[in-house]
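Please look through the structure below with its charged side chains in mind. The paragraphs after it go through some of their pairings.

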Amino acid sequence: MSLKKETPSDQQLHLAALQGNLEQLKITLGSGRVHVDCKDKEGTTPLILSAANNHLECVRELLSQGANPNARRLTGTCALFFAAQGGFLDVVKLLLEHGANVDLASYDGGTPLFVACQCNHPDVVAEVLARGADIHAQMIDGATPLFITAQNGHAELLKYLLSKGADPNGKRKDLASPLWIAAQMGHAEVCKELLESGADVDAVREDGATPLFKACHKGHLTTITEILKHNPNIGLLKNGETVLHAAALFGHLKVVRLLLQSGLDPQIKNKEGQTSTELASEAGYDYITKFINDFIEKNGAVSVDANGV
């Protein structure tokens, strides 16, 4: 997409919009030498600049002079996108009142709802949902607004989205679920809300890793404690490992202790025929190897079937 080169008047209008200089904006628009939707090299219009910087009166003036509320930058982002991202509720409302498309997406699929969720602006989320925003929208990678909320650890907002019908099991294209991403990030409260709302505790990503596996891999003890309340698989997973292998390989002693206390058999071998103690030893975590061996000596191996029961 080629854009017309900016004139000095275009630049002046953009600067006024960026700075929130309403008087200069009116003067420049009244000169007759500039179009209200003139674009810079990124495709940004004055309205987008004012909306992105919460200059409400400039937004109002530009709209009154015919600015297109759905003009898009080269990335596909629009004024409403940036207002939602910034949490500028009054600007969001004004744009919607003037015909802004509530679900106008960037070229990677991100709508105003997505960025409001990402940045934890519950009032904006509520507003765009009330105006008909699609709570089940997906980005090009398949992520939903709930997924993005879970990824960023916004537990209260996630609870609200669930109350509005968001799917706790909506997956990305790589089959990662909201619970999987929350577990990987260590967002224990988000995991709790998802599990209590029907999230599949053992939903696997395409590589065969469960939410519990990722939490053990990362060493997120509080998250692991929460997931263990929901009877997850602690046996051999589709990726050929157990959650104990994940914890041992990365030296997470407190996690190893918790898993063993949960009844996991410390002598299960992975797809390579290795026990968790062997992995820990190879990785240089001799204290893990010693702890597991001492546990076996004291308690014996605990048998678990293929489903971790």
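Begin with aspartate 174, which counts as buried because its relative accessibility is 16%, and buried means under 20%. This is a predicted model. What does aspartate 174 form with arginine 172? The two form a salt bridge, and their closest N and O atoms are 2.7 Å apart. Side chains of opposite charge can pair when their charged atoms come close.

Another pair joins glutamate 127 and arginine 131, whose side chains meet in a salt bridge with an N to O distance of 3.0 Å. Is glutamate 127 buried or exposed? Glutamate 127 counts as buried, because its relative accessibility is 15%. Arginine 131 has a relative accessibility of 36%, so this residue counts as partly exposed.

A further pair is made by arginine 205 and aspartate 207. Their side chains meet in a salt bridge, with 2.7 Å from N to O. Arginine 205 counts as partly exposed because its relative accessibility is 22%, and the range for that class lies between 20% and 50%. Aspartate 207, at 37% relative accessibility, likewise counts as partly exposed.

How many salt bridges does the structure hold? The structure holds 7, among them the bridge between aspartate 174 and arginine 172, the bridge between glutamate 127 and arginine 131, and the bridge between arginine 205 and aspartate 207.

Key. Residues numbered from 1 in each chain as written. Predicted model: local features only at pLDDT ≥ 70, side-chain atom pairs only at ≥ 80, totals over all residues. Heavy atoms only, no water. Salt bridge = Lys/Arg side-chain N within 4 Å of Asp/Glu carboxyl O. Buried < 20%, exposed > 50% of the residue type's maximum accessible area, 1.4 Å probe, protein only.
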